Amino acid sequence: MLGPVILAASRSDRMRRLISAAPVTKQVVDRFIPGESVDQIVPIIRELTGRGLELTMDVVGEDITNPGQAEAARDAYLKLIDHLKVLDLGTRAEMSVKLSMFGQALDGGHELALANVRPVVEAAAAIGTTVTLDAEDHTTLDSMFAIHDELRKGFPQTGCVIQAYLFRTEDDARRLAGNGSRVRIVKGAYKEPASVAYQQKAEIDKAYVRILKTLMEGKGYPMIGSHDPRLISIAQELGRRAGRKLDEYEFQMLYGIRSEEHLRLAAEGHRMRVYTAYGTDWYGYFMRRLAEKPANLRFFARSMISKG
């Protein structure tokens, strides 16, 4: 399987330099990351929302080595919120954050990440939108869920992400499926050991369906993060069985992947949210997109060959 190899490469400084220096890389990266600055991303926000889609915005970057960089990440999101305020989109444009960007891995990282993300959540609420805490590798999750619980005391609309490939997630889903919760379920995109995660696609897919059933039958708001046509159909069926209206759950897909499907689901009346990343520190995000789906890797390889 190439996925684990690519994820290992995502942590290699040598591979980062090699891929970043390739002339074709920027062209391919632009497929998934449509801008480096807020000013570049605003036209994308206008275009997608004008076509009936919703967005969750991610400022890319995870390699935080000091508190100053964590504060800069906080400020980047606050700048984004200033621009969203002018657009007046409410919950049609929310934000996704990785707590690693807010200093979670530093000394005293739990408290630092909470202190840095809180003003972002407060500012988002002030303009009528919200924030979802992205899941990262399994060693960070207890901290992420604790921060999520703390933020929900004042901002109950704060969402979080769970990953189907982790053994713990079925228990997490049952805990999180309560009234008012917002939970995005994804398959998972980090290299995890067999001691904590399913390794085979079939096992992950089965876990995904079990977890999604728990969320659909719960009292919260499920957010289905998948491009898999089979899982999308299953989600629709589970929603019908649970008696949910089309606006009582939503689909989420990545910018640049299955764009026609985004529009099809929106045209059917579903809430369809596009996960849209921007920024200059794109490498880790880009490599995980390659690892998630063989078609993404083939696209990149063909581009490298055709431009070589």
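Predicted model: local features only at pLDDT ≥ 70, side-chain atom pairs only at ≥ 80, totals over all residues.
Q: Fine. Which residues of α7 are buried, then?
A: In α7 that goes for L141, S143, M144, F145, I147, H148 and L151.

Q: What do the buried residues of α7 pack against?
A: They pack against α6, β3, β4 and α8. The helix itself, residues 141-154, lies across β3 and β4 and runs at about 155° to β4.

Q: How many residues does α7 have, and what length does it reach?
A: α7 has 14 residues and reaches 21 Å from first C-alpha to last, which is close to the 20 Å expected at 1.5 Å a residue.

Q: Let's zoom out. How many helices and strands are in the protein chain?
A: There are 13 helices and eight strands.

Q: And how do the strands run, parallel or antiparallel?
A: Parallel: the eight strands form a closed barrel in the order β1-β2-β3-β4-β5-β6-β7-β8. From one strand to the next, the twist averages 30°.

Q: What about α6, which strands does that one touch?
A: α6, residues 109-126, packs on the sheet and touches β2 (93-97) and β3. Its direction makes about 145° with that of β3.

Q: How many bridges hold β3 and β4 together?
A: Two bridges, in the parallel sense, between β3 (residues 131-133) and β4 (residues 159-163).

Q: Switching to α4. Which residues are buried there?
A: V38, I41, V42, I44, I45, L48 and T49. The buried residues of α4 pack against β1 (54-59), α5 (67-87) and β8 (271-278).

Q: How does the reach of α4 look next to what's expected?
A: α4 covers residues 38-50, so 13 residues, and reaches 18 Å from first C-alpha to last, close to the 18 Å expected at 1.5 Å a residue.

Q: New topic: S181. Where does that residue lie?
A: In the loop between α8 (169-176) and β5 (182-186).

Q: Is S181 buried or exposed, and why?
A: S181 counts as buried because its relative accessibility is 4%, and the cut-off for buried is under 20%.

Q: What does the side chain of S181 reach?
A: The backbone oxygen of G178, at 3.0 Å. Leaving aside neighbours within four places in sequence, S181 is in contact with R152, L176, G220 and Y221.

Q: And K191, where is that found?
A: In the loop between β5 and α9 (201-217). K191 counts as partly exposed because its relative accessibility is 45%.

Q: How far apart are K191 and D137?
A: In sequence they are 54 residues apart, and in space 7.7 Å, C-alpha to C-alpha.

Q: Back to the protein chain overall. How much of it counts as buried?
A: 53% of its 308 residues. As for surface, the chain exposes about 13,800 Å², with carbon and sulfur atoms supplying 53% of that.

Q: Last one: what share of contacts join residues at least 24 apart?
A: 73%, among contacts between residues at least 6 apart in sequence.

Note on methods
Residues numbered from 1 in each chain as written. Heavy atoms only, no water. Helix = DSSP H or I, 4+ residues; strand = E, 2+ residues; numbered from the N terminus. Buried < 20%, exposed > 50% of the residue type's maximum accessible area, 1.4 Å probe, protein only. Polar contact = N/O pair within 3.5 Å; in protein donor to acceptor, adjacent residues only side chain to side chain. Contact = heavy atoms within 4.5 Å. Pairing = 2+ DSSP bridges. Axes fitted to C-alpha atoms, helices over the stretch in contact; angles between N-to-C directions. Areas by Shrake-Rupley, 256 points an atom, 1.4 Å probe, with all protein chains shown as cover.
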